[in-house]
Structure formats: C-alpha cells, structure tokens
Amino acid sequence: MGRERAVGIARGAGDAFSGPRKRLVERLREQGVRDARVLDVMARVPRHRLVDEALWHRAYEDVALPIGDGQTISAPGIVALMSETLELRGGESVLEIGTGSGYQAAVLARLAATVTSVERIPLLARRARTALDDLGVSNVLVHLGDGTRGWLPRAPYDAILVTAGGPEVPAPLLEQLAPGGRLVGPFGPRAGQELVRTRRAADGTLTEERLGPCHFVDLLGDHGWDT
Ligand code: SAH
C-alpha cells in the first residue's frame, strides 16, 4: 500500500466517529460478515465523509441515506456483504457500476488493486471524485456514463459490482468479466431484487448463485430500466 493511501486511512481512523464505526463493525460481524479484510476496511473507511455533514450523526447506522438526485449511499451491511461476496484478495481490477457517494468504491479500493467506477449522474460523479480525493483514495477512476455498457477501455475485470437494481445482468458486463471472475449485483423486479453472483469459469462457462432478497435504487440505461 502506498504512503499516500496509508495517510488517507490514518486521517479517517483517528476521527470523532471511530467509536461508532467500531460498534458498526461489531454488528456486521454478528450479522455474519466473516472476511477479516472486509471487516478491517469497514472499520477504517470514514463513511460520514461520503454524506452531507447534516447526516454525519447517522453515518454509522446500518441504513441507506440520501445523497441527492433521488439516490442513496448503500447501507454498510449490504456494502460489507457485497464486498465479501466478490472474494477479493488484493490484486484485482474491479469495475463498479453506480459510484453514488463513492463509499462502496472507497471500500473496494482497499480490497483490490484498482477500481473503475461508472456513474450516470454528473453531479454525483463530481462529488464522489472530490470526496475520494479528500480521503486520499488514489486507485479509483470515476467515469461518467451508462455503466450498463461496462467500461471497455479497462476490460476485462476480475470482479464487477453493480450497486443499482436492474431487470437482469447486463450482457456487456458479462462480456467484460475475466475468466475466473465474479459479477455481483441486485437483479429482478423493480419492487424488490435478489442479490445474484455470476462466476465465469476458466473455460468461459457462467454459473449463477442467488444470495437472497435486497432492495436498491434503479439501474437505468441501455441494459437496465428505461430512463
Ligand atoms: N455505490 C454507491 C451506491 C449508489 S446508489 C455508494 O456507495 O454510495 C446507485 C447509483 O447508481 C446511483 O448513484 C445512480 O445514479 C447510479 N446508476 C443507476 N444507473 C446507472 C447506470 N446505468 N450507470 C451508472 N450509474 C448508474
């Protein structure tokens, strides 16, 4: 880990919210999050810095919070679960669809080598970039665009995380998944989706696992819901 990133983490860890953050991580552990790296990262990424200051006092509750434009920062519990489900070991190139606040991207940045994150709303993409810079997160690239089409320039990806709910797994994302890779996201009807993990085997074969119900804001775009 580079010096710049270590400084970013230290600044986050020593803040007034380290107590509430530790208690949150204890709850995540009780809820069944097992991956020690994920728990460690959740204890260090200062979630309050990714929301408006008026919401700082709620930043370590396990709830989604508004971030503007009708969008939300995902609840820490689902961020931890999805991160764990990607089975990251540290060297991966990850694609995230739906940058939103930048919180999930900041978590992935500590678990993998590089993160490419695509957001369709310009204001959110700009704010997330600024917040990630303030935290010293230097291995996340934020791009503006329709993430249901993936991000071809940096494909293929070892792991792909979709953080908005779509009708089905977008085909371009499966095409951009490396052999041995995992794609995780909420798919199914608008009213309530299921968390789905798709694996691409070394020979290219795809297998799908259903991991339980969840509810996300809409994935809008060419291979999502109509805008
Ligand atoms: N990962 C975010 C969660 C944000 S909510 C966080 O940690 O805060 C989902 C986000 O997906 C919203 O910001 C929404 O604008 C975005 N989104 C929806 N459809 C998209 C698409 N086709 N491409 C990129 N982003 C999309």
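## The start of helix α3

Begin with D35, which caps the N-terminal end of α3. One of its side-chain oxygens sits 2.9 Å from the backbone nitrogen of R37. Keep in mind as you look around that this is a predicted model.

## One side of the helix

Helix α3 itself covers residues 36-44, and V38, L39, V41 and M42 in it are buried. These four lie on the same side of α3, because they cover an arc of only 165° around the axis.

What do the buried residues of α3 pack against? Their partners are α2 (18-30), α4 (76-85) and α5 (103-111).

Now hop over to β1 (residues 65-68) and β2 (residues 71-73), which pair in the antiparallel sense over 3 bridges. Together they make a hairpin with 2 residues between the strands. In the turn, D69 has a positive phi of about 55°, while G68 stands opposite Q71 in β2.

## Around the ligand

There are 27 residues around the ligand, and G98, S101, E119, G147 and L220 come nearest.

Some side chains also line up polar atoms with ligand nitrogens. E96 has a polar side-chain atom 2.9 Å from a nitrogen atom of the ligand, and D146 likewise places one 2.9 Å from a ligand nitrogen. For T163, an N or O atom in the side chain is 3.1 Å from a nitrogen atom of the ligand. Taken alone, the ligand exposes 580 Å², and the protein buries 99% of that.

How values were computed
Residues numbered from 1 in each chain as written. Predicted model: local features only at pLDDT ≥ 70, side-chain atom pairs only at ≥ 80, totals over all residues. Heavy atoms only, no water. Buried < 20%, exposed > 50% of the residue type's maximum accessible area, 1.4 Å probe, protein only. Arc of directions from axis to C-beta. Contact = heavy atoms within 4.5 Å. Polar contact = N/O pair within 3.5 Å; in protein donor to acceptor, adjacent residues only side chain to side chain. Pairing = 2+ DSSP bridges. Near = heavy atom within 4 Å. Areas by Shrake-Rupley, 256 points an atom, 1.4 Å probe, with all protein chains shown as cover.
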